[in-house]
Amino acid sequence: MTKVGETVLEIDLRALEHNYHYLRSKINSSTKFLGVVKAFAYGSDSVVIAKKLESLGADYLAVAYTSEGVALRNAGIKLPILVLHPQQVSFTMLIEKCLEPCLYSRTIFSSFIKLAKELDQKNYPVHLKFNTGLNRLGFGERDIEFIARSLEGADQIKISSLFSHLAASEDLNEKDFTIAQIQLFEKISSQLIAKLNYRPLRHTLNTSGIINYPESQYDMVRSGIGIYGFGNEASEDEKLIPVATLKTIISQLHKIEPNESVGYNRAFVSNTSKVTATLPLGHADGIGRQYGNRVGQVAVNGKLAPIIGNVCMDMIMVDATGINCEEGDEVIIFGKKPSAEFLASSAKTITYELLTGISQRVKRIYID
Ligand SMILES: *Cc1c(COP(=O)(O)O)cnc(C)c1O
């Protein structure tokens with residue numbers, strides 16, 4: 001392993017390629033694949049990931065906000081980009097950059113049609129989202145008449161897809177609920193399609209949906225966490241490869257004596273002699289305070305070392321007692337082993353939060 005000399009997030013594009021092919025192998029070859037690259041591609045760098053997905057043959061990309069889509073277009077990404085949660089204030093920019101909005105309420109739907117008219121658009125691609133139980137964003141069954149009526153004579157827009165989002169696709173205890181969501185989606189989408197003289201795509205599966213409900217893949221699937229190497233269950237994690245490795249180095253080693261304390265507010269007081277290692281990353285880099293005080297562990301030369309005391313803004317201290325190490329040695333915060341899942345679950349959170357929280361201060365480097 002090459003020494004990096006500072007805190008970096010290493011992005012392994014070969015792992016992304018592996019995960020993409022693995023997830024594709026779970027679905028029919030004719031089913032389209034949408035790669036979710038919101039939130040800087042789950043912390044990895046949306047432009048680099050989007051380019052790789054484009055080269056791998058993905059059919060669609062999705063971001064949460066218009067600004068994220070604009071960044072991709074400015075970097076030359078040509079794939080269709082679905083904006084999952086566009087705000088009305090950014091609609092003009094969205095059209096300018098050929099981004100495709102998710103329309104999820106009467107208000108946003110009408111205001112988009114109005115703008116598309118003003119801007120002389122024809123058949124502008126839009127996606128309609130239906131709420132089938134998540135109760136976050138989406139039209140309901142009762143909105144179908146309204147949508148159909150609004151579309152009469154409105155050739156400014158064309159519906160590219162109808163979709164919904166599952167609330168608990170990773171939790172097999174909620175199988176009945178998930179199946180009811182899928183059935184409701186089937187019902188609503190069929191009703192609307194019967195009123196159109198063309199056939200939009202339909203999609204409802206996220207990563208855990210692909211794994212647990214592949215029979216409901218419809219025309220497209222949307223994967224985020226899976227392409228980054230996590231399947232929300234141990235048996236799937238084994239088949240996927242984490243794309244991101246957060247590594248750093250030992251800035252300084254200290255020998256401390258019994259009764260000495262470490263870090264702010266003396267949160268750790270030692271009762272034995274110890275060796276501590278100070279690492280150059282802290283809560284400003286995305287390692288939140290919840291990982292302090294022996295909750296989180298990192299790997300120093302392959303051995304687990306708990307974080308001791310409070311997490312500082314720019315540093316953490318770990319217990320390196322008994323570990324053969326020197327200043328300058330590399331430390332793995334998470335990666336292939338120990339994984340982000342291991343660290344996230346130690347603080348009762350999820351990989352999604354840990355990965356997307358790695359701040360932009362951390363330099364990204366790439367392996368391809
Ligand atoms: C974020 C998101 C996804 C991706 O979910 P994963 O669990 O990361 O695969 C899919 N669809 C929608 C609507 C989302 O918001």
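**Strands, a buried serine and a ligand**

Reader: What makes strand 14 and strand 17 a pair?

Author: In this predicted model, strand 14 (residues 274-279) and strand 17 (residues 316-319) are joined by four bridges in the antiparallel sense. Pairing requires at least two bridges, so the two strands qualify. Within this pair, T278 stands opposite M317 in strand 17.

Reader: To which sheet do these strands belong, and why are strand 11 and strand 19 at its edges?

Author: They belong to an open sheet of nine strands, ordered 11-14-17-16-15-18-10-1-19, with mixed pairing. Strand 11 (252-256) and strand 19 (363-367) each have a single partner strand, so one side of each has no neighbour in the sheet. From one strand to the next, the twist averages 35°.

Reader: How do you know that helix 1 packs on the sheet, and what angle does its direction make with that of strand 1?

Author: Helix 1 (residues 13-25) touches strand 1 (8-12) and strand 19. Touching here means heavy atoms within 4.5 Å. The direction of helix 1 makes about 45° with that of strand 1.

Reader: Which strands form the closed barrel, and how are they paired?

Author: Eight strands close the barrel in the order 2-3-4-5-6-7-8-9, and their pairing is parallel. Neighbouring strands in this sheet are turned by 30° against each other on average, direction ignored.

Reader: What makes strand 3 and strand 4 a pair?

Author: Strand 3 (residues 60-63) and strand 4 (residues 81-83) share three bridges in the parallel sense. The criterion is at least two, so this pair also meets it. L61 has I81 as its bridge partner in strand 4.

Reader: Why is S208 called buried?

Author: The relative accessible area of S208 is 2%. Buried means under 20%, so S208 falls in that class. S208 is found in helix 9 (residues 207-212). Leaving aside residues up to four places away in sequence, S208 touches S169, E170, Y213, G231 and N232.

Reader: Which residues come nearest to the ligand?

Author: K38, Y42, T207, I225 and Y352 do, out of the 14 residues around the ligand.

Reader: How much of the ligand does the protein bury?

Author: Taken alone, the ligand exposes 400 Å², and the protein buries 94% of that.

Notes:
Residues numbered from 1 in each chain as written. Predicted model: local features only at pLDDT ≥ 70, side-chain atom pairs only at ≥ 80, totals over all residues. Heavy atoms only, no water. Axes fitted to C-alpha atoms, helices over the stretch in contact; angles between N-to-C directions. Buried < 20%, exposed > 50% of the residue type's maximum accessible area, 1.4 Å probe, protein only. Near = heavy atom within 4 Å. Areas by Shrake-Rupley, 256 points an atom, 1.4 Å probe, with all protein chains shown as cover.
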